[in-house]
Amino acid sequence: HGLTVKWRGPIHGGYSGPAVANGRVFVLDYVETEARTMDGTERLLALDEETGEVLWSHEWATTYRMLMFTYATGPRATPTVDRGHVYVTGSTGRLFCFDEVTGDVIWEKDTVAEYDTNIPVWGTSSAPLIDGDRAIFLVGGEPDALVVAFDTDTGEEVWRALEGSTEMGYNQPLIIEEGGARQLI
């Protein structure tokens with residue numbers, strides 16, 4: 001009576017939704033390394049879609065000390081999978097591009113260090129958008145780097161736009177056709 005559970009697996013804290021692609025499930029989580037310090041580890045897990053077996057994982061140390069305590073529970077942005085790559089936004093402005101099969105890091109960015117990003121009290125929350133050979137992220141950086149497009153293969157900056165005069169929101173960017181023009185919203 002109802003759905004049959006095929007498998008279960010332990011996942012730590014966070015609000016990231018799973019991305020399912022090419023027989024794999026990708027999900028982000030967070031675990032505090034020492035209770036009540038707000039220091040911990042974010043992690044991307046790649047699970048087998050049929051069995052739940054962990055195929056690979058990648059962890060990185062982070063601190064949630066710049067977040068409001070009630071928001072310091074884990075990543076919010078769902079991974080984006082495209083053409084053999086997995087793109088990830090961590091809660092503290094870390095951006096990654098992984099090889100979908102091996103989990104190798106293809107490129108990474110620390111937006112706080114590289115773009116003078118001011119992390120909102122709720123953390124970085126928007127999933128990356130892939131547009132051809134560009135990975136578009138809400139970075140919230142300066143100067144004029146609220147939105148930044150990176151080359152999907154190299155991580156090199158392709159363009160940046162908009163003054164970061166306000167904190168980043170929760171939604172990921174999207175592209176629409178309106179008024180006879182293609183627009184990034």
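Me: In what order do the 4 strands of the open sheet come?

Reply: Strands are DSSP runs of E, at least two residues, numbered from the N terminus, and two of them pair if DSSP finds at least two bridges between them. Here the order is 1-2-3-4, with antiparallel pairing. Strand 1 (19-21) and strand 4 (54-63) are the edges, each pairing on one side only. This is a predicted model, where local features need pLDDT of at least 70, side-chain atom pairs count only at pLDDT 80 or more, and totals for chains, interfaces and linings use all residues. Residues are numbered from 1 along each chain as its sequence is written, and side-chain values use heavy atoms, leaving out hydrogens and water.

Me: How many bridges join strand 1 to strand 2?

Reply: There are 3, and the two strands run antiparallel. A21, for instance, has R24 in strand 2 as its bridge partner.

Me: What do strand 13 and strand 14 form?

Reply: A hairpin, with 2 residues between the strands; G179 in the turn has a positive phi of about 60°. Strand 13 pairs with strand 14 (residues 181-184) in the antiparallel sense over 4 bridges, and E177 is partnered with R182.

Me: Is H85 buried or exposed?

Reply: Buried means under 20% relative accessible area, exposed over 50%, and partly exposed in between (1.4 Å probe, protein chains only). H85 has 12%, so H85 is buried. H85 lies in strand 6 (residues 85-89).

Me: And how does I176 count?

Reply: I176, in strand 13 (residues 175-178), is partly exposed because its relative accessibility is 30%.
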